[in-house]
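Have a look at the sequence and fold first, then read on.

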Amino acid sequence: MSQSIIAKRYADALFQLGKERSKLDQFETELLTLREVYRDNNKIVSFLKHPRVSVDQKKKVMMDSFQSFSEEIVNTLKLLVERHREDIIADMIQHYIGMMNDAKGIADADVYSVRELSEAEKQRLSETFAPKVGKQSLNLTNIVDSSILGGIRLRVGNRIFDGSVSGKLRRIERELVSTNKR
C-alpha cells in the first residue's frame with residue numbers, strides 16, 4: 001500500500017477523533033508545531049529511522065519531546081513508531097492540514113510576482129480569487145519570479161490565473177501565429 005494512502009488514513013482517523021472530541025483546532029496547532037520540528041531538525045528524523053534504536057527508546061523520545069501535546073497526538077506518534085511508519089508523519093500532517101483547510105473553506109495558493117507582495121496586497125488577492133475557486137479565503141505563498149516581467153500569476157490547485165506580462169505576451173504571440181496560418 002502506498003505511503004500516501006497510509007498517511008491519509010491516519011490523518012482521517014485523527015480528524016474524526018478531533019471532531020468527536022472537539023479538538024480539531026488543537027490538533028492542527030500541535031501538528032503544525034510538529035511539522036516545524038520535523039522541518040528544522042534533521043536529527044529527529046534520522047533518529048526515528050535508525051535501525052539500532054529500539055522502538056521503546058523512540059517512543060520514549062516522542063513522549064518526552066512532545067509531552068505538552070494532547071494525548072491523542074502523542075499516542076498517534078507512538079503508534080506510528082510501533083508500526084515502523086515514522087516516515088509518513090510529514091505526509092500525515094500535510095493530509096490533516098488539507099482536511100482542516102477544506103473544512104474551513106481555505107485553499108493554498110502560490111502567487112508569482114516580480115517583487116515580494118505586501119500583506120495588504122495578499123489580502124486583496126485572497127478576497128478577489130477565493131470566491132472564484134469556491135473558497136472563503138486563500139493561504140497565499142508569494143514566490144518572487146522575475147521572468148513574469150510584471151503582473152501576477154496565481155495557482156490554486158490545478159487552476160492558474162495568469163495576469164502576468166509574460167503570459168499576455170505568450171497569448172498575443174499565439175494569436176499572431178494562428179492568424180498568420182489562416
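At 27% relative accessibility, D12 counts as partly exposed (buried is under 20% relative accessible area, exposed is over 50%, and partly exposed is in between, with a 1.4 Å probe and protein chains only). D12 is the salt-bridge partner of K8, and that pair is a handy way into the rest of the model.

Some housekeeping: this is a predicted model, where local features need pLDDT of at least 70 and side-chain atom pairs count only at pLDDT 80 or more, while totals for chains, interfaces and linings use all residues. Residues are numbered from 1 along each chain as its sequence is written, and side-chain values use heavy atoms, with hydrogens and water left out.

**Salt bridges**

- The structure holds 15 salt bridges, each one a side-chain nitrogen of Lys or Arg within 4 Å of a carboxyl oxygen of Asp or Glu.
- In the K8–D12 bridge, the closest N and O atoms are 3.6 Å apart.
- Both K8 and D12 sit in helix α1 (residues 3-20), four residues apart, or about one turn of the helix. Helices here are DSSP runs of H or I with at least four residues, strands are runs of E with at least two, and both are numbered from the N terminus.
- K8 is partly exposed too, at 38% relative accessibility.
- D25 pairs up with K104, with 3.9 Å between the closest N and O atoms. D25 belongs to helix α2 and K104 to helix α6 (residues 89-104), so this bridge ties together parts that are 79 residues apart in sequence.
- R155 and D110 meet in a salt bridge at 2.4 Å, N to O. With R155 in strand β3 (residues 152-156) and D110 in strand β1 (residues 106-113), the pair ties together parts that are 45 residues apart in sequence.
- R155 is partly exposed at 31%, whereas D110 is buried at 16%.

**Helix α2 against helix α5**

- What describes two packed helices? The angle between their axes and the distance between the axes.
- Helix α2 (residues 24-40) and helix α5 (residues 71-82) pack at about 45°, with their axes 10 Å apart. Axes are lines fitted to C-alpha atoms, for helices over the stretch in contact, and angles run from 0 to 180 degrees between N-to-C directions.
- The two helices are therefore oblique to each other (under 35 degrees is roughly parallel, over 145 roughly antiparallel, 65 to 115 roughly perpendicular, and the rest oblique).
- F27, E30, L31 and L34 of α2 make the contact with E72, I73 and L77 of α5, where contact means heavy atoms within 4.5 Å.
- Those residues split into five nonpolar, no polar and two charged (Ala, Val, Leu, Ile, Met, Phe, Trp, Tyr, Cys and Pro count as nonpolar, Asp, Glu, Lys and Arg as charged, and the others, Gly among them, as polar).

**Two arginines**

- R35, in helix α2, is buried yet has no salt bridge.
- The nearest side chain of opposite charge to R35 is E36, 4.6 Å away (Lys and Arg count as positive, Asp and Glu as negative; His and the chain ends are not counted).
- Apart from neighbours within four places in sequence, R35 is in contact with I93, Q94 and I97.
- R52 is in the loop between α3 (42-49) and α4 (55-65), and is exposed, with a relative accessible area of 76%.
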